[in-house]
Amino acid sequence: MALSGKLSVEVTVQTPAAKYFNIFITQFHKLQNICERILEGNMHEGDNWHVPHSVKNWTLIVDGKPIKLKEKIEAIDKENKSMTYNFFDGDISKNYKVFKVFLQVFEKNDGGASIKFTIEYEKINENVEAPYGFLEFFEKSAKDIDSHLLKA
């Protein structure tokens with residue numbers, strides 16, 4: 001059984017791609033008020049939520065249980081509407097040595113967007129399951145964001 005892996009989920013939304021991506025680069029701090037499965041988010045290190053290397057604390061609901069972790073943005077590509085995040089410390093480090101999340105927002109012909117989340121991970125041992133619960137978390141959160149933006 002491999003310790004490293006990659007999982008992806010793609011979610012179609014009605015919100016235009018530029019508007020959807022904008023929430024990640026200008027309103028990331030509001031996700032805890034938009035997404036049902038984000039219980040709490042706060043700055044741990046730095047003073048800007050939207051720049052690489054600022055560290056945030058998060059409490060999320062994954063697989064029906066609250067988990068705590070730290071997150072930092074590693075890269076932002078505005079032209080391709082993509083971002084790379086590193087999740088570490090807290091509950092995530094109990095099971096994974098590496099946990100990176102890649103987000104990309106694609107334009108769709110109908111005016112909506114397709115949101116792709118890819119998780120690259122390395123488990124601490126073979127007894128740890130692949131992080132399928134995070135795919136469900138990202139899928140549900142993507143729909144919560146879409147609903148919020150459609151109301152705005």
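This is a predicted model: local features need pLDDT of at least 70, side-chain atom pairs count only at pLDDT 80 or more; totals for chains, interfaces and linings use all residues.
Helix H3, residues 132–151, lies across S1, S2, S3, S4, S5, S6 and S7, and it runs at about 20° to S1. Helix H1, residues 17–26, lies across S1, S4, S5, S6 and S7, at about 145° to S6.

Now the fold as a whole. The chain has three helices and seven strands, and along the sequence they follow the pattern β-α-α-β-β-β-β-β-β-α. The seven strands make an open sheet in the order S1-S7-S6-S5-S4-S3-S2, with antiparallel pairing. S1 (4–13) and S2 (38–45) stand at the edges with a single partner strand each, so one side of each has no neighbour in the sheet. From one strand to the next, the twist averages 25°.

Let's look at one pair of strands. S4, residues 65–77, and S5, residues 82–88, run antiparallel and are joined by seven bridges. Ile 76 stands opposite Met 83 in S5.

What about overall size? For 152 residues, a compact globule would have a radius of gyration near 15 Å, and the chain agrees, with 15 Å. The C-alpha trace spans about 45 × 35 × 30 Å along its principal axes. Buried residues make up 44% of the chain. Of the contacts with a separation of 6 or more, 52% are between residues 24 or more positions apart.

On to the charges, for those of you who think in electrostatics. How many salt bridges does a search of the whole structure find? Eleven. In one of them, Glu 71 pairs with Lys 56, with the closest N and O atoms 3.2 Å apart. Glu 71 is in strand S4 and Lys 56 in strand S3, so the pair ties together parts 15 residues apart in sequence. Both Glu 71 and Lys 56 are buried.

Another salt bridge joins Asp 89 and Lys 70, at 3.5 Å from N to O. Asp 89 sits in the loop between S5 and S6, and Lys 70 in strand S4, 19 residues apart. Is Lys 70 buried or exposed? Its relative accessible area is 19%, and the cut-off for buried is under 20%, so Lys 70 is buried. Asp 89, at 35%, counts as partly exposed.

Lastly, Lys 94 and Asp 91 meet at 3.0 Å, N to O. Lys 94 is exposed at 55%, whereas Asp 91 is partly exposed at 23%. Elsewhere, salt bridges with shared partners join Glu 36, Lys 140 and Asp 144 into one network.

Methods:
Residues are numbered from 1 along each chain as its sequence is written. Side-chain values use heavy atoms; hydrogens and water are left out. Two strands pair if DSSP finds at least two bridges between them. Helices (H or I, at least four residues) and strands (E, at least two) are DSSP runs, numbered from the N terminus. Axes are lines fitted to C-alpha atoms, for helices over the stretch in contact, and angles run from 0 to 180 degrees between N-to-C directions. Contact means heavy atoms within 4.5 Å. The radius of gyration is taken over C-alpha atoms; the globule rule is 2.2 Å times the number of residues to the power 0.38. Buried means under 20% relative accessible area, exposed over 50%, partly exposed in between (1.4 Å probe, protein chains only). A salt bridge is a side-chain nitrogen of Lys or Arg within 4 Å of a carboxyl oxygen of Asp or Glu.
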